[in-house]
Amino acid sequence: MAKDFLKETRDHYDVVVIGSGLAGLTGANVLAKQGYSVLLLEHHYQLGGMATWFKRKGGHIFDISLHGFPVGMKKSCRKYWTQKIADSIVPLQGIRFENPQFSLRTTFTREDFTRIIIEKFGIAPQTVDEFFTTARKMNFFDDQDTTTGQLFEEFFPGRTDVQRLLMEPITYANGSTLEDPAITYGIVFSNFMSKGVYTFRGGTDKLVKQMRAELEQNGVDIRIRSLVEKIEVTPDRRVAAVHVGGRRITCGAVLSNANLKTTILNLVGEEHLDPDYLDEARAVRLNNSSCQVYIALKPGVGFDDCGDLLFHSEHTGFDVNAVLSKNVSSRTFSFYYPETRPGSDRWLIVSSTNANYADWANLSDEQYEADKQHLCETTLDCLEQYVPGVREKVAWVEASTPRTFEHYTRHQQGASFGTKFEGLKVSQTLPEQIRGLFHAGSVGIIMSGWLGAVNYGVIVANEVDKHLTPSEATV
Ligand SMILES: Cc1cc2nc3c(=O)[nH]c(=O)nc-3n(C[C@H](O)[C@H](O)[C@H](O)COP(=O)(O)OP(=O)(O)OC[C@H]3O[C@@H](n4cnc5c(N)ncnc54)[C@H](O)[C@@H]3O)c2cc1C
């Protein structure tokens, strides 16, 4: 008999959280700590959403999105999770760029970038300082018309090399382009520049295990393999219940961590929304997706120091279309040493490329497998220059595509970084359409990535708290 993953769930909760990405997990934790009864429903068999990992025969463990995040993650985890989780967040030192315009290593801090831009690229110190100060001062309420491209042209006109140094990692970090509002660049870039790039020692599996333990301790009812099919709304537009696995579970609020457009257009349904809002929601552009190649070396077999993150490109200048092209010429390699999981004897490499869903969506099964194989082979060819003899060292290679991300996280088109900028307003104003319905999850570039998702989870949990009057809560 099929296992009942909803066995003994209650008929009513103060809050139902749909999805266990970092925003959903954090929102659930904050609300449970405030005393609310919280049901967390996740369709996958694992918690974490994009913050995930998988295991393969032979003891290989691959991290999907553990490449780097800003230091702010340490503070957010300490405040909204546990000191133990925060203590595992450690800096990465070796960020590398290898492309036809330059080859360099950096700690990815403001000091080091300033030194490089002055010494290597010959830009006046005052210009560099003014650029960093401008980026640092940017916030959400600033002018949203200036694009990132215009910002660069203002400070570094015609300098595609400097623009590449400044932009390439951010394009990989959140899929943003030169056409996106400059504030989305300024906020994310400054977050990284404050103290460089950080990682979670022990791997994503350890992080999510610790988060799960904390959620359970705080009383969150966690259910995996539970796909929410519908958010039920009353005629006067209040959230009433969620429908999941043949059950109807009523609640005072829903916090959806599912894809923004899916939440609004599929789970709620268009008939419950104002026409203007509906138009805005329909017009929200999804961010792009990713392909990855996962490479595990034989136990105990390693490589010399390659750095931690390597932005490799064969393209002459920085070109977003080239970065997204299926004909890959740009890759980000993450090199994982045994210290990633202390006590392990494994060296692993994950190659990531931004990708367009359309390039992978409609291939026949045969063509899809062939194209994945091609991606694996060309990635190994490219890697040979950094890890000589890599083919002889390899124990496991496989690839994922936008279809993989769509399958596991149910993000439309496998969007890795939520939506473009306009998604933020649509996400924030959802409760004005349906009382008691909130969305938290990768949107608007600023709120994507590990740190953005965690922080957005906190912000929205506080809104949920305001909505739930004490009489509605079973405190
Ligand atoms: C390849 C790749 C590399 C990345 N690298 C980095 C990096 O190095 N640094 C960084 O900071 N960020 C990185 N990111 C981005 C980062 O992982 C995400 O922005 C962040 O984890 C998203 O969190 P989220 O809260 O938006 O939810 P998501 O991770 O999108 O999770 C949403 C959850 O909701 C669940 N769900 C959806 N619909 C339903 C439903 N109807 N019922 C039940 N459950 C549902 C999904 O299964 C999923 O678990 C990367 C992403 C990718 C894809």
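Predicted model: local features only at pLDDT ≥ 70, side-chain atom pairs only at ≥ 80, totals over all residues.
Q: Which residues come nearest to the ligand?
A: Of the 39 residues around the ligand, they are Gly19, Gly21, Ala23, Gly49 and His67.

Q: How do the residues of the shell divide into nonpolar, polar and charged?
A: The shell around the ligand has 15 nonpolar residues, 22 polar ones and two charged ones.

Q: What is the domain assignment of the protein chain, and where does the ligand shell fall in it?
A: Domain bounds come from an automatic or database assignment. Here the assignment gives domain 1 (12-51 + 205-285 + 417-467), domain 2 (108-196) and domain 3 (288-410). Domain 1 and domain 3 each give at least three residues to the shell around the ligand. The centres of domain 1 and domain 3, taken over C-alpha atoms, are 31 Å apart.

Q: How should I read the order of strands in the open sheet?
A: Strands of a sheet pair through backbone hydrogen bonds, and the pairing can be parallel or antiparallel. In this structure seven strands make an open sheet, ordered 7-6-14-15-16-13-17, with mixed pairing. Strand 7 (103-106) and strand 17 (394-400) are the edge strands, each pairing on one side only. From one strand to the next, the twist averages 15°.

Q: How many bridges join strand 6 to strand 14, and do these strands run parallel or antiparallel?
A: Strand 6 (residues 95-98) and strand 14 (residues 309-313) run parallel and are joined by four bridges. Glutamate 98 stands opposite histidine 312 of strand 14.

Q: Which strands does helix 14 lie across?
A: Helix 14 (residues 365-383) lies across strand 13, strand 14, strand 15 (330-336), strand 16 (348-355) and strand 17. Its direction is at about 125° to strand 17.

Q: How do helix 4 and helix 5 cross, and which residues meet there?
A: A crossing is described by the approach of the axes, the angle and the handedness. For helix 4 (residues 110-119) and helix 5 (residues 125-137), the axes come within 9 Å and cross at roughly 145°. This crossing is right-handed. Helix 4 brings Arg110, Thr114, Ile117 and Ile118, which meet Pro125, Val128 and Phe132 of helix 5. By class, the contact has five nonpolar, one polar and one charged residues.

Q: Is the crossing of helix 2 and helix 19 left-handed or right-handed, and which residues meet?
A: Helix 2 passes helix 19 in a left-handed crossing. The axes of helix 2 (residues 72-80) and helix 19 come within 9 Å, at an angle of roughly 35°. Gly72, Met73, Ser76 and Tyr80 of helix 2 meet Trp450, Leu451, Val454, Asn455 and Val458 of helix 19. The contact of helix 2 with helix 19 has six nonpolar and three polar residues, and no charged ones.

Technical notes. Residues numbered from 1 in each chain as written. Near = placed C-beta within 6 Å. Nonpolar A, V, L, I, M, F, W, Y, C, P; charged D, E, K, R; others polar. Pairing = 2+ DSSP bridges. Helix = DSSP H or I, 4+ residues; strand = E, 2+ residues; numbered from the N terminus. Axes fitted to C-alpha atoms, helices over the stretch in contact; angles between N-to-C directions. Contact = placed C-beta atoms within 7 Å. Left-handed = near helix turned anticlockwise from the far one by under 90°.
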